[in-house]
Amino acid sequence: MTTLRRLLQWRGPSLRGLVFLLVGAAGAYAAIVTLYLTLSVGSAAFTLGEGTTAIVALQDDLGHRQALLNVALDRCRELLAGTRAPSDTEVDRIRGLIARGSVRERAEPYASVPAELRVALARADEQLSRLGNALSEMAALIDLRRTAEGRRALDRVDALQEAVETDLARASDLARADLMARQEALRRATRHAVRDGILLLAAGIIFLPLALLVVRRRVWAPLARLEEGLQHVSEGDLTAEVAVLSHDELGRVATHFNQMTRVLRDRAEEQGRFAAAGELLAGVAHEVNNPLMAIATHAELRLGDGDLADEARVEMQSILRQARRAAKLLRGLLRFVRAGEKRAAHVNLNDVVRSAIDLVSYRFTVDEISIEGRLDPSLPAVHGDANRLEQVLVNLLSNALDALRGVQPPRRLVVDSFVDRGRVCVAVTDNGPGVAAEIAERLFRPFATTKGRRGTGLGLYISRQLIREAAGDLGLDEGQAPGRGARFLLWLPAAPTLDAAPTAEDVPAASAPVASAPADGSLAGIRILLVDDEDMIRRPMVRFLSRRGAEVTEASDGLQALERLAAFAPHVILADLRMPKMDGAELYARLQAERPAMAERVLFLSGDITQLAGRGLAPVPRDRVLVKPVELAELEQRIQEFVRESIRGSAGDG
Amino acid sequence: MRASSSTFGWGKRVSGPESLWRPGVYVQSLLILLGGCKGEPRAAVIGYAFPLWGTTTVQVARDEIASWPAGRTAIRIVYDSIIQGDPPDIEVMRAQRLAQTPNLVGVVGHGGSRGSLAAAPIYAAAGIPQIIPTGTSRLLRQAGPWAFRLAPDDSTEGALIGRFTAERLGARRVLLFFTNDEYGVGLRDGVLAELAARDVAVLDKVGVDPSSDIPTLFAASLRRGIPDVIVVAGRHTETGRVARAALGRVPRLRVVAGDGALLLPVLADLAGPAADSIYVVAFWLPDAPDSMSRAFVERYRRVTGHDPSPDDPMNHDALMLLAHAVREVGPHRAAVRAYLESLGGTRPPYRGITGDITFLRARKPPLVMARLRGGRVVRVAGLPVP
């Protein structure tokens, strides 16, 4: 019953089985045809050939010997009929003929001839020997000149010769009949083979369409559907699904394909959400930068008042510090969200580590996590994109923080940087639950996540790819004892230069001023056109710049700026990039077209440097962009440098 | 009876009354045993392809085989008792009949080179090993991979005869008689080659057979000179009649003949008073001192009541070699053939009465020279074997 049930549920052979069956059937068909033809025709042909060879060889031997003995007999007859005495030479010649004709010179294949013929040939062989012996006697009689006895012996010899001829004739008849029979057998076998060959061919022709139909249904059609699905996916349509119409290998491939596209769809949606969140975050960060700059600028201005009370000074300093901290966090966030194009340079990994820690530091207090570690102060530089390296470190730190949530305090996060065998290394260690062995082996594969639907499964995979692009590697330190936390180690080759990359603390001071430039710390004599739509940013900046001795004119957008420029020739135009009516990029483009010399005097202010490329914005020189919130001292310094360089160059049209 | 699942036959577990499966297993095992035994012959047959009068050796071989401990395969020796005679067509028919014998694993025979040559292709086609005990024709080399020759070929024997004739008997002129068959012609050529190398003149070469007029032929050949020695490359009939015809016509008559002539007492009877002038080649003599020869002579006497002839040990060695082969490798023709081919290679040579037997290379020829004395053969001492 179970067998019957299984039989009813059987859905046919698998694809492998089907291919095997078809190939086997084709092979069996070819083998059967070949074997049949070989056996039926080949066998008869072989029999004919072999038999013919043996029979002809035997008969040739007998015939040759008979001929020799006949010649000897003829000689004897001549000598007996003659009157002269034979010479010794003649007798020896006769004896030589007799000796050669009496016996075979080589073994002959009796086996290939039929029994009756075999016996007949052997009998003829024996008769030839007897004939030879009788001729020997006759030769002796001739030699002894006993001619009369020799003539009498002729009768016996003639009788023997007749017997030989009779036996040979009989053997010839039998041989002929046998050969004819074999030939007929070959002819018959050939006829049968032709007939059967046609039948087999017809059978093959009948089964060919059937086989094609099966192949079409089980192989071609499913492959065509798969191909169509793959084409849709390659064109970007992740909703493509392939119909699963069988349970064989191709059916399973189709099922896996559908699962794969489903996963890709989910991941793409997640990526889209992340991208949208990133865009939103960037927009919000940009909007937050303006008030932060306003706060920082006001605080700086207040701190610049000499009559500020100590308590108020402390408060202003705190306000300024927090505003700068908030700005730094926002910048880091923006950098992380928008990696942008790759820019490789000499990078100090310690700086990257610090930036990454800053980005995730908000979780330390909330999750009661202590951060420890030692960053090697003499760490050599590496060559890479700082943003991408920061992305990797943030990923490692985030993973560690997530893991630490799963254990009871104390929760420790250790970050070390060091040099090991010429490689620059950073290790991120936690005392979380660790990574199970079965997870560890697929940890760096795409879509491998331990965070369920919260994780994309791409973090470690992408991180490793980024590090490997920089000629390094990232891996899990398998030396950690199970359940004793996890340690991820990344390493990069040290950059070719001998000195360590300059850290943030090592940035040298600005170059020395050029002759006839304004004095350090003073903007006296410099005319500045400040273009910004945010009143709360414009006013404190005007106040600061004016205090530093600059002559400042304001505009709230690009159009107004152009109006001002008709009557005002500034040394520097400070323009915000994002403004209504005409933004900074458009203003720059107009100036480039109409007043190129004036365009060379533009410095830009931007709340989001990652938005400089794309989105239809005209390209602006990046080295002239100041990222908000700008520290006033930095603003002053940049303006001084800019003016110096402008003076060094050709004069504008003013 | 409560049903239970149990192992049955090939290991499939089926449910059923427990009392039924045990007999089923026994029946099944018995069927397998019988079925497995069905294709395995319980007896191996060795054919002896000689006429009835030449089958005395078979009794001795059967006696020896019967003395062996019982083995897996019973060995029988059979011979064709219906077809008698020697001509090649008779040998062909005998070979055909023997080849159809059930369980036949090998054949000893046939008597003589011509018969062996005629029969060899039949055995080769059937895949039956054939041991040729006394055939010496060089044509037997072309008889195929299933034919195994024990005796040295005619060139070796002919060289022995030629050397003996030239060195021991000091012959300078020789008269040569030969039978017009493969044996006689082959031996003749071997003798001629050796005599030529020693510058011994051959006055005449005369073809004879048992029915030839020997006196006439002898008289004709004497016209060419009086020989020192007469060599007969033939059988007992020709040899005896040549010796008798030569007596009184050749001073100090000495006749040297090949192994085919040694058939006593027929040879002595035919030669008459000339018998004691005959020297003859033998494969073995009854006075051989080694233990195997002694044991063979004793057994032969006990079984048959008389002494063995010089040819008997070769036939006996051939029979016992096949029997040993069957005992070693089983009753399979191909295995027996492989066994024979391996002697002296992967296996040591077979120790026979006539010496160590191997087919991989020329064995030390079991040839001795004897002379007739009072109707018996006496070993000629100190004869170097070429």
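**Close-up views of a predicted two-chain model**

View 1. Together with A:I206, A:L210 and A:L213, A:F207 makes a nonpolar surface patch of about 430 Å².

View 2. The side chains of A:R218 and A:D248 meet in a salt bridge, with an N to O distance of 2.9 Å. Because A:R218 lies in helix α5 and A:D248 in the loop between α5 and α6 (249-303) of chain A, the pair ties together parts that are 30 residues apart in sequence. Both A:R218 and A:D248 are buried.

**View 3. Surroundings of A:E554 and A:R538.** A:E554 belongs to strand β9 (residues 551-555) of chain A and is partly exposed, its relative accessible area being 31%. Its side chain is joined to that of A:R538 by a polar contact of 2.7 Å, and, leaving aside residues up to four places away in sequence, A:E554 touches several residues, among them A:L529, A:V542 and A:R564. A:R538 also forms a salt bridge with A:D535, in which the closest N and O atoms are 2.9 Å apart; these two residues lie three residues apart in helix α13 (residues 535-547) of chain A, about one turn of the helix. A:R538 is buried, with a relative accessible area of 11%, whereas A:D535, at 35%, is partly exposed.

**View 4. The contact between chain A and chain B.** The contact takes 36 residues from chain A and 35 residues from chain B, and the two chains bury about 2,800 Å² between them, of which 53% is on carbon and sulfur atoms. Seven salt bridges are counted between the chains, including one between A:E126 and B:R114, whose closest N and O atoms are 3.1 Å apart. On the side of chain B that touches chain A, α4(B) gives the largest share, six residues.

**View 5. A salt bridge within chain B.** B:R97 and B:D80 form a salt bridge, the closest N and O atoms being 3.4 Å apart. This pair links distant parts of the chain, 17 residues apart, with B:R97 in helix α3 and B:D80 in the loop between β4 (74-79) and α3 of chain B. B:R97 is partly exposed, at a relative accessible area of 38%, while B:D80 is buried, at 6%.

Definitions and conventions
Residues are numbered from 1 along each chain as its sequence is written. Chains are lettered from A and ligands numbered from 1 in the order in which they are written. This is a predicted model: local features need pLDDT of at least 70, side-chain atom pairs count only at pLDDT 80 or more; totals for chains, interfaces and linings use all residues. Side-chain values use heavy atoms; hydrogens and water are left out. Helices (H or I, at least four residues) and strands (E, at least two) are DSSP runs, numbered from the N terminus. Buried means under 20% relative accessible area, exposed over 50%, partly exposed in between (1.4 Å probe, protein chains only). Contact means heavy atoms within 4.5 Å. A polar contact is a pair of N or O atoms within 3.5 Å; within protein, one must be able to donate a hydrogen and the other to accept it, and residues adjacent in sequence count only if both atoms are side-chain atoms. Patches are made of residues with over 30% relative accessible area and no salt bridge: like charges are joined within 9 Å, nonpolar side chains (Val, Leu, Ile, Met, Phe, Trp, Tyr) within 5 Å. Accessible areas come from the Shrake-Rupley method with a 1.4 Å probe; for residues, only the protein chains shown count as cover. A salt bridge is a side-chain nitrogen of Lys or Arg within 4 Å of a carboxyl oxygen of Asp or Glu. Buried area is the accessible area (1.4 Å probe) that two parts lose on being put together, summed over both.
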